[in-house]
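Please view the sequence and the model together while reading.

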Amino acid sequence: VLWMDCDAFFMDPLRTIDSIIEMYAGNATPATTLPPFSLGESSDVTELRQRLQPDPQTEVSLIIAVDSTGINNGVWMIRNTPWSHDFLHRWWHSDILAGPGRNHNCSDQSTMQHALLHE
């Protein structure tokens with residue numbers, strides 16, 4: 001499922017949703033691209049390679065936009081997995097706004113971040 005707020009828009013009409021999924025779920029962004037494996041690489045590079053390209057590959061259930069303040073749930077994609085069902089349930093039923101956070105102006109984003117980081 002792809003969620004986009006009504007004020008979001010596509011900047012690159014040639015980029016497909018499938019290419020976005022492949023880039024981020026496959027951990028193939030420019031920041032995570034490593035040179036081909038070489039026998040003489042340092043242990044630090046080998047460790048980084050194992051974290052960025054785990055075997056077996058990690059199943060990604062959520063891809064979410066980020067901005068200067070952290071996550072931005074104005075654009076996100078979620079896969080139909082048990083983790084996703086649990087996450088959506090926790091997000092929907094979060095009680096974080098019952099206390100001091102009830103007057104926060106980004107309640108959906110605050111509760112999403114809380115569900116991702118604290119539960």
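The model is a predicted one.

**Helix 3 and helix 4**

Two packed helices are described by the angle between their axes and the distance between the axes. For helix 3 (residues 82-92) and helix 4 (residues 107-118), the angle is about 130 degrees and the axes lie 9 Å apart. Because of that angle, helix 3 is oblique to helix 4, and the crossing of the two helices is right-handed. On the side of helix 3 the contact is made by Trp83, Phe87, Arg90 and Trp91, while helix 4 contributes Asp108, Thr111, Met112, Ala115 and Leu116.

**Helix 1 and its cover**

In helix 1, which spans residues 17-25, the buried residues are Ile20, Met23 and Ala25. The elements that cover these buried residues include strand 2 (62-67) and strand 3.

Ser61 is placed in the loop between helix 2 (43-52) and strand 2. Is this residue, Ser61, buried or exposed? Ser61 counts as buried because its relative accessibility is 11%, which falls under the limit of 20%. Apart from neighbours within four places in sequence, Ser61 is in contact with Met77, Ile78, Arg79, Thr81, Trp83 and Ser84. Among these partners, Thr81 is joined to Ser61 by a polar contact between the side chains, and Trp83 also takes part in the contact of helix 3 with helix 4.

Asn72 belongs to strand 3, which runs over residues 70-78. With a relative accessible area of 26%, Asn72 is partly exposed. Once neighbours within four places in sequence are set aside, Asn72 is in contact with Ile64, Ala65, Val66, Asp67 and Gln109. The side chain of Asp67, one of these partners, makes a polar contact with the side chain of Asn72. The C-alpha atoms of Asn72 and Ser110 are separated by 9.8 Å, although the two residues stand 38 residues apart along the chain.

| Side chain | Partner side chain | Polar contact |
|---|---|---|
| Ser61 | Thr81 | 3.0 Å |
| Asn72 | Asp67 | 3.0 Å |

Definitions and conventions: Residues are numbered from 1 along each chain as its sequence is written. This is a predicted model: local features need pLDDT of at least 70, side-chain atom pairs count only at pLDDT 80 or more; totals for chains, interfaces and linings use all residues. Side-chain values use heavy atoms; hydrogens and water are left out. Helices (H or I, at least four residues) and strands (E, at least two) are DSSP runs, numbered from the N terminus. Buried means under 20% relative accessible area, exposed over 50%, partly exposed in between (1.4 Å probe, protein chains only). Contact means heavy atoms within 4.5 Å. A polar contact is a pair of N or O atoms within 3.5 Å; within protein, one must be able to donate a hydrogen and the other to accept it, and residues adjacent in sequence count only if both atoms are side-chain atoms. Axes are lines fitted to C-alpha atoms, for helices over the stretch in contact, and angles run from 0 to 180 degrees between N-to-C directions. Angles under 35 degrees count as roughly parallel, over 145 as roughly antiparallel, 65 to 115 as roughly perpendicular and the rest as oblique. A crossing is left-handed if the near helix is turned anticlockwise from the far one by less than a right angle, and right-handed if clockwise.
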